[in-house]
Amino acid sequence: MSWQDLPAGLRHLIEAEAGSFIRAEQVGTGHNCLVGMVMHTTRDRYFLKGVPADHKRAVWTQSNEAAINSHVRHVSAPLAFHVAADGWDVLGFRYLDAQHADLSPGSPDLSKITASLQALNAIPAPDGLMLRTAEDRWRGYAGDHAHLLAGTTVAHTDLHRHNILIDGTAKFIDWAWPTLAAPWFDTACVGLQLIHAGHTPKDAELWCQDSPAFAAASEQAVTTFVTAARRLWAEIAIADPQQWKVEVAEAACTWAAYRNG
């Protein structure tokens, strides 16, 4: 969807929040929104993310992003406005002049991600927000050990290179599934992506160990995460065998084989 494709009433609402439209650049990455663009206005630059209002699940995840943003904005992209009109739901974020993270071995981005994960771990559970828990969300994959994933830390739960931007520090974007989890949960999520990016499981775990929370986690808890992630990603890859999903599923199998070997 381009700027001109949006209904006039919605465009007027957005301009009231962001300033008069000058031009827009379409964003090529992302899987869950029909509107994804960098909007240049007379005031500033914004990233617009929008979905049709009749797409109930997408609107629900957009609402999650809007609700959690004030709590995580120092490690994310600050939300500038949220408008709904003419059959559309649109989030407007302050634009980050940043690049997607490089997760390959030796990347200088890895230390920045570690620092931002520790800052995220320090955020207290938000009052008044009913967040799902990792124990509940992953029970079908972790079984009787799902309680080992539980905690009161705000977790992103979907951290991969496209959801991590580097602008001097690491910023975590696309908060569709904010969850209360163990403080090492997001570190483990990135650990899986490191294996996908070419790290060995041993080296990925060594990176994870730089996080005090992960270092303090029990072996059983980490093994529970890895086993559950293998089951989850196998299910995802079977349901929708896009190449990147298959590759992450393979990375999860590699990590599980390492821990169980």
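In which helix does Trp233 lie?

1. Trp233 belongs to helix α9, which covers residues 219-239; helices here are DSSP runs of H or I with at least four residues, strands are runs of E with at least two, and both are numbered from the N terminus. The model is a predicted one, in which local features need pLDDT of at least 70, side-chain atom pairs count only at pLDDT 80 or more, and totals for chains, interfaces and linings use all residues. Residues are numbered from 1 along each chain as its sequence is written, and side-chain values use heavy atoms, with hydrogens and water left out.

2. Trp233 counts as buried because its relative accessibility is 12%; buried means under 20% relative accessible area, exposed over 50%, and partly exposed in between, with a 1.4 Å probe and protein chains only. Apart from neighbours within four places in sequence, Trp233 is in contact with Leu192, Trp244, Lys245, Val248 and Ala249 (contact means heavy atoms within 4.5 Å).

3. Leu192 is also one of the buried residues of helix α6. In α6, 11 of the 12 residues are buried. Its residues 185-196 should span 16 Å at 1.5 Å a residue, and the end C-alpha atoms are 17 Å apart, which agrees; the expected span is 1.5 Å times one less than the number of residues. Just after α6, Gly198 has a positive phi of about 120 degrees.

4. Strand β3 (residues 45-52) pairs in the antiparallel sense with β5 over 7 bridges and with β2 over 6 bridges; pairing requires at least two DSSP bridges between two strands. Tyr46 has Arg94 of β5 as its bridge partner, while Val35 is partnered by Gly50 of β3.
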